[in-house]
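User: I've got a model open and want a quick tour. Can you walk me through it?

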Amino acid sequence: LLRPRYTEGNRCLPRRCTPNAAMTSCIFCDLDLEEPYASMDDETLLETFVKENSELVAMLNPMLVRSGKGMHLYVMLEDSIDLSKEEEREHWKSLSKTLSFLLRNYNVDYKVIDCVRILRCIHSINRKEKYGREGKKVALLRDSNERIALEELEYKLDFLMRGGATSVFES
């Protein structure tokens with residue numbers, strides 16, 4: 001569901017590269033959290049993140065996944081984006097960059113703004129050396145069944161970029 005599909009006609013392609021990407025139904029960003037967030041337990045991290053980003057969370061209703069010391073944020077779309085078309089692929093990239101910019105205070109990994117990246121799956125084990133022999137389980141912090149229309153997402157991201165409700169009340 002979250003991973004892009006790689007196809008050519010009726011044939012699945014084995015290579016994960018941009019020309020082979022066919023569709024995706026979300027935008028996402030990868031937050032490489034630093035202190036104090038990195039050492040927080042899952043419940044505290046979720047509570048803190050939602051409180052600090054209440055307007056973004058209320059407007060976009062993202063899925064949040066703990067990926068070790070970091071976090072992934074997904075915004076699910078009503079319709080798929082056709083990544084085989086350069087214009088739509090660039091549009092996806094622009095939306096992901098905007099989302100990442102809004103969360104820049106959380107040490108966004110800008111290398112992940114790539115439609116063929118596959119982020120860690122929930123319940124898998126992150127086996128980076130820093131987590132030791134047992135690794136760190138990738139956990140769902142906040143689920144979301146809500147999907148957002150592309151036009152609505154564009155509007156909401158633009159609103160948040162302009163300062164959100166705070167800017168409306170300051171005018």
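Predicted model: local features only at pLDDT ≥ 70, side-chain atom pairs only at ≥ 80, totals over all residues.

User: Core first. Which residues in the largest nonpolar core touch the most other members?
Analyst: Leu 31, Phe 49, Leu 60, Leu 73, Leu 99, Leu 103 and Leu 153. That core has 39 residues.

User: Which elements each supply at least two residues of this core?
Analyst: Strands β3 (21-31), β4 (63-66) and β5 (71-82) do. So do helices α1 (42-52), α2 (54-60), α3 (86-102) and α4 (150-161).

User: And where does the largest share come from?
Analyst: From β5, with seven residues.

User: Is β5 itself enclosed or open?
Analyst: Largely enclosed by the rest of the structure, because nine of its 12 residues are buried.

User: Back to Leu 99. What does Leu 99 touch, skipping residues up to four places away in sequence?
Analyst: Ile 27, Phe 28 and Cys 29, then Leu 56 and Leu 60. Leu 73, Val 75 and Leu 157 complete that set.

User: Switching to α1. Which of its residues are buried?
Analyst: Leu 45, Thr 48 and Phe 49. They cover an arc of only 95° around the axis, so they sit on the same side of α1. As a rule, an α-helix has 3.6 residues a turn, so residues three or four places apart point the same way.

User: What's on the face turned away from that buried side?
Analyst: Exposed residues: Glu 43, Glu 47 and Lys 51.

User: What happens at the start of α1?
Analyst: Asp 41 puts a side-chain oxygen within 3.1 Å of the backbone nitrogen of Glu 43.

User: Now Asn 53. Where is it?
Analyst: In the loop between α1 and α2.

User: Buried or exposed?
Analyst: Asn 53 counts as buried, because its relative accessibility is 11% and the cut-off is under 20%.

User: Last one, the hairpin. How do β4 and β5 run, and how many bridges join them?
Analyst: Antiparallel, with four bridges. Val 65 stands opposite His 72 in β5.

User: What about the turn?
Analyst: Four residues lie between the two strands of the hairpin. Gly 68, in the turn, has a positive phi of about 125°.

Technical notes:
Residues numbered from 1 in each chain as written. Heavy atoms only, no water. Core = buried A, V, L, I, M, F, W, Y, C linked by side-chain atoms within 4.5 Å. Buried < 20%, exposed > 50% of the residue type's maximum accessible area, 1.4 Å probe, protein only. Contact = heavy atoms within 4.5 Å. Arc of directions from axis to C-beta. Polar contact = N/O pair within 3.5 Å; in protein donor to acceptor, adjacent residues only side chain to side chain. Pairing = 2+ DSSP bridges.
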